Amino acid sequence: MPRPFRFGVNLLEPAPAGEWRDTCRRAEELGYDVILVPDHLGLPAPFPALVAAAEATERPRVGTFVLNAGFWNPALLAREVATTDALTGGRLELGLGTGYVQAEHDRAGLPYGSPGERVDRLRRTVEELGRLLGGEEHRPRPVQRPRVPLLIGAGGDRMLRLTAEHADIAAFTGARSVPGSTTGRLAPLTAEELDGRVALYRKLAEGRAQPAELNLLIQLVAITEDRAAAVRPLVDRAPDLSLEQALGLPVVLLGTLDQIVEQVRDRRRRYGFSYLTVLEPHMEAFAPVIEALRGE
């Protein structure tokens, strides 16, 4: 049996308290299962934003999507995780990644490092968090046992190995970093390229006692009769993509409601993605899809 669908929304816009709570309540009304926040300078600070989200809602879980490991000391991060899990009533999901925006590390005065160094840093963070939060003596204590669910955002070979070893949720961006970019530019993966990434992850995860949940970050959602017009801005930003290739990207969901519902089902059949995350600008547009897939 396939894993049931879950849907998350990644909130990006800083807002005063009332507006933030209203957005979180709206996400709950629309049926989202998880309210998420990223970890970028200029966007809301993750942990207080999640505590406020949990206070404003009753049902959705809350999570980081994803923390930049280079921003966080593991001992201080363990305190944040445990406190946030307690204050949200055990609704926290912890998402971690290496970070991919060098300019943000430069602004913060923090080392960025080579890709290998960033993966090593993340591995140390994951292992140290496991040691600290897994011990009975750690104070404060998280509510969830044996641990707060761990999501790792991955794409490269070493990251996929780390994800296969440690993550409860394996998150795929469906994109790769553009070489030489310091501002976090990403190029989307074709359907065939994503096939390869997921296949490698599955090979690395063969020995797991419990299969991980697989997540995909959706970049574009539009319920429309004109799919070509809807994807045209993406083609303009990525001239190496043909229109046909852009329409087939796993990270875009375009078409009529029935077409998008079938595209979501296809992401689960083809890749195993049962947990999809959309960005805040597409929160309303994706809501009818959630309603149509409720219970699946």
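Colleague: Let me start with the helices. Are helix 5 and helix 6 roughly parallel or roughly antiparallel to each other?

Modeller: Roughly parallel. This is a predicted model, so read every value as computed from it. Angles under 35 degrees count as roughly parallel. Helix 5 (residues 115–134) and helix 6 (residues 157–166) pack at an angle of about 10°, and their axes are 10 Å apart.

Colleague: Which residues make the contact?

Modeller: Helix 5 contributes Gly-116, Val-119, Asp-120, Leu-122, Arg-123, Val-126 and Glu-127. From helix 6 come Arg-158, Met-159, Leu-162, Glu-165 and His-166.

Colleague: Take Arg-158. What does Arg-158 touch, leaving out residues up to four places away in sequence?

Modeller: Gly-116, Val-119 and Asp-120. Arg-158 itself sits in helix 6. Its C-alpha atom is 9.6 Å from that of Pro-115, a residue 43 places away along the chain.

Colleague: How does Arg-158 count in terms of accessibility?

Modeller: Partly exposed, because its relative accessibility is 42%. That class lies between 20% and 50%.

Colleague: Now strands. How should I read side-chain directions?

Modeller: In a regular strand, side chains alternate between the two faces of the sheet.

Colleague: In which sense do strand 11 and strand 12 pair?

Modeller: Parallel, over four bridges. Strand 11 covers residues 220–223. For Ala-222, the bridge partner in strand 12 is Leu-254.

Colleague: On to aromatics. How many aromatic pairs does a search of the whole structure find?

Modeller: Six. Take Phe-172 and Tyr-201: their ring centres are 6.1 Å apart and their planes meet at 90°, so the pair is edge-to-face. The cut-off for that label is over 60 degrees.

Colleague: Where do Phe-172 and Tyr-201 lie?

Modeller: Phe-172 is in strand 7 (residues 169–172) and Tyr-201 in helix 7 (residues 191–204), so the pair ties together parts that are 29 residues apart in sequence. Both residues are buried.

Colleague: Which residues do ring pairs link into a cluster?

Modeller: Phe-172, Tyr-201, Tyr-271 and Phe-273.

Terms used:
Residues numbered from 1 in each chain as written. Predicted model: local features only at pLDDT ≥ 70, side-chain atom pairs only at ≥ 80, totals over all residues. Heavy atoms only, no water. Phe/Tyr/Trp six-rings, centres within 6.5 Å; stacked < 30°, edge-to-face > 60°. Helix = DSSP H or I, 4+ residues; strand = E, 2+ residues; numbered from the N terminus. Buried < 20%, exposed > 50% of the residue type's maximum accessible area, 1.4 Å probe, protein only. Pairing = 2+ DSSP bridges. Axes fitted to C-alpha atoms, helices over the stretch in contact; angles between N-to-C directions. Parallel < 35°, antiparallel > 145°, perpendicular 65-115°, else oblique. Contact = heavy atoms within 4.5 Å.
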